[in-house]
Amino acid sequence: MRLTALGSASLLALFSLTACGSEVEKPPEPESTQVDSLSGVDLNAPLSVIGTEPFWSLTLTERDVTFERPGEEAQVFPRHLFEINKDKSGPKRAELLSNEMSLTLIAQTCSDGMSNRTYPLTAEVNLGDEVLKGCATPTANLEKDKP
């Protein structure tokens with residue numbers, strides 16, 4: 001009986017060590033950088049971005065980003081997903097980056113300076129060496145709220 005108790009204790013110790021050794025800590029899940037909304041605006045929906053002085057616009061559809069300026073030919077770029085800006089200070093930001101241009105949307109209201117219209121997002125576009133500032137809203141809102 002003593003041999004059995006000793007054997008049982010040894011087996012119990014062995015199982016305990018085995019159980020401890022089999023617990024592998026999982027690395028933390030990487031933080032997702034994709035963002036789907038900003039200030040209540042669905043960033044996957046069609047968006048309109050406008051600017052004045054000089055006048056320009058960006059239209060974001062499901063697949064493309066079209067940059068337009070009066071008197072110039074439209075430029076079309078592939079649409080990418082928005083990502084959270086890595087800089088955590090200040091208002092929340094979402095960035096759409098490509099080799100040709102970048103669009104940063106900032107979670108703060110914006111006025112186009114030409115009308116009494118208020119937009120839910122402030123926008124900044126980098127196109128080559130040019131930095132353009134403007135406002136952004138879902139395209140459906142722009143159409144609905146025409147003056």
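The model is predicted. A search of the whole structure gives 3 salt bridges and 1 aromatic pair.

- Strand 4 and strand 5 run antiparallel and are joined by 4 bridges.
- Leu60 has Val65 in strand 5 as its bridge partner.
- In general, strands of a sheet pair through backbone hydrogen bonds, either parallel or antiparallel.

- Leaving aside neighbours within four places in sequence, Leu105 is in contact with residues including Leu38, Leu43, Leu47, Phe82 and Ala94.
- Further along the sequence, the contacts of Leu105 include Leu121, Thr122, Ala123 and Ala136.
- Lys92 and Arg93 are also among the residues that Leu105 contacts.

**Aromatic pair**

- The 1 aromatic pair of the structure is formed by Trp56 and Phe67, which are stacked.
- Their ring centres are 6.3 Å apart, with 25° between the planes.
- The pair counts as stacked because the angle of 25° falls under the cut-off of 30 degrees.
- Trp56 belongs to strand 4 (residues 56–60) and Phe67 to strand 5 (residues 64–68), so the pair links distant parts of the chain, 11 residues apart.
- Both partners are buried: Trp56 has a relative accessible area of 4%, and Phe67 has a relative accessibility of 3%.

**Salt bridges around Arg69**

- Arg69, Glu72 and Glu130 are linked in a network of salt bridges.
- Glu130 and Arg69 form a salt bridge in which the closest N and O atoms are 3.1 Å apart.
- Because Glu130 is in strand 13 and Arg69 is in the loop between strand 5 and strand 6 (75–78), this pair ties together parts that are 61 residues apart in sequence.
- The side chain of Arg69 also meets that of Glu72 in a salt bridge, at 3.9 Å from N to O.
- Arg69 is buried, with a relative accessible area of 15%.
- Its two partners in the network are partly exposed: Glu72 has a relative accessibility of 45%, and Glu130 has one of 30%.

**Salt bridge between Glu124 and Lys133**

- Glu124 forms a salt bridge with Lys133, and the closest N and O atoms are 2.6 Å apart.
- Glu124 is partly exposed, with a relative accessible area of 23%.
- Lys133 is exposed, with a relative accessible area of 56%.
- In general, side chains of opposite charge can pair when their charged atoms come close.

Conventions: Residues numbered from 1 in each chain as written. Predicted model: local features only at pLDDT ≥ 70, side-chain atom pairs only at ≥ 80, totals over all residues. Heavy atoms only, no water. Phe/Tyr/Trp six-rings, centres within 6.5 Å; stacked < 30°, edge-to-face > 60°. Helix = DSSP H or I, 4+ residues; strand = E, 2+ residues; numbered from the N terminus. Buried < 20%, exposed > 50% of the residue type's maximum accessible area, 1.4 Å probe, protein only. Contact = heavy atoms within 4.5 Å. Salt bridge = Lys/Arg side-chain N within 4 Å of Asp/Glu carboxyl O. Pairing = 2+ DSSP bridges.
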